[in-house]
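Work through the exercises below with the sequence and the 3D view at hand. Try each task before reading its solution.

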Amino acid sequence: MVVLFTVVGVVVLGGLAIWFGNHSLRNPGPSSGGNALGGFDVFDPGQGRMKEDLDSKETEGEMFAAPDDDDRPVRVDLRTGKIHIRKTPPPA
């Protein structure tokens, strides 16, 4: 007898839970967020990528130092039309 009441209770409560859940999804109230998760936007991949990009910009640095004018091996003088190529020193 106890098993019968338990099975009937589980079936009735399960049916009510399904009906109320379906009803609340089909007819959202003013306090609902409008989506199935109750207004939580935790599964938004675009927003997650944007946050990761912004976080990575904080620790981003230069990969190589910017070359000075003297560090460039080739210089082009547009006024005179000449190209200056700096020779590398021979290995010692």
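A helix here is a DSSP run of H or I with at least four residues, and helices are numbered from the N terminus. The model is predicted.

**Exercise 1.** State which helix holds Leu 4, and decide whether Leu 4 is buried or exposed.

Solution. Step 1: Leu 4 lies in helix α1, which covers residues 2-26. Step 2: the cut-off for exposed is over 50% relative accessible area. Step 3: Leu 4 has a relative accessibility of 52%, so Leu 4 counts as exposed.

**Exercise 2.** Find the nonpolar surface patch that includes Leu 4 and give its accessible area.

Solution. Step 1: the members are Met 1, Leu 4, Phe 5, Val 8, Val 12, Leu 13, Leu 16, Trp 19 and Phe 20. Step 2: together they have about 1,000 Å² of accessible area. Step 3: one of them, Trp 19, has 49% relative accessibility and therefore counts as partly exposed.

**Exercise 3.** Count the aromatic pairs and classify what you find.

Solution. Step 1: the count is one aromatic pair. Step 2: the ring centres of Trp 19 and Phe 20 are 5.0 Å apart, and the ring planes stand at 70°. Step 3: planes over 60 degrees apart count as edge-to-face, so the pair of Trp 19 and Phe 20 is edge-to-face.

**Exercise 4.** Compare the span of helix α2 with the expected span, then say how many of its residues are buried.

Solution. Step 1: α2 takes in residues 45-58, which is 14 residues. Step 2: at 1.5 Å a residue, 20 Å is expected. Step 3: from first C-alpha to last, α2 reaches 21 Å, close to that value. Step 4: among the 14 residues of α2 the count of buried ones is zero, and the helix is hardly covered.

**Exercise 5.** Describe how strands β1 and β2 are arranged.

Solution. Step 1: β1 (residues 74-77) and β2 (residues 82-85) run antiparallel and are joined by four bridges. Step 2: Val 76 is placed opposite Ile 83 of β2. Step 3: the two strands form a hairpin with four residues between them. Step 4: in the turn, Gly 81 has a positive phi of about 75°.

Terms used:
Residues are numbered from 1 along each chain as its sequence is written. This is a predicted model: local features need pLDDT of at least 70, side-chain atom pairs count only at pLDDT 80 or more; totals for chains, interfaces and linings use all residues. Side-chain values use heavy atoms; hydrogens and water are left out. The expected span of a helix is 1.5 Å times one less than its number of residues. Buried means under 20% relative accessible area, exposed over 50%, partly exposed in between (1.4 Å probe, protein chains only). Two strands pair if DSSP finds at least two bridges between them. Patches are made of residues with over 30% relative accessible area and no salt bridge: like charges are joined within 9 Å, nonpolar side chains (Val, Leu, Ile, Met, Phe, Trp, Tyr) within 5 Å. Accessible areas come from the Shrake-Rupley method with a 1.4 Å probe; for residues, only the protein chains shown count as cover. A salt bridge is a side-chain nitrogen of Lys or Arg within 4 Å of a carboxyl oxygen of Asp or Glu. Rings of Phe, Tyr and Trp (its six-membered ring) pair if their centres lie within 6.5 Å; planes under 30 degrees apart count as stacked, over 60 as edge-to-face and the rest as tilted.
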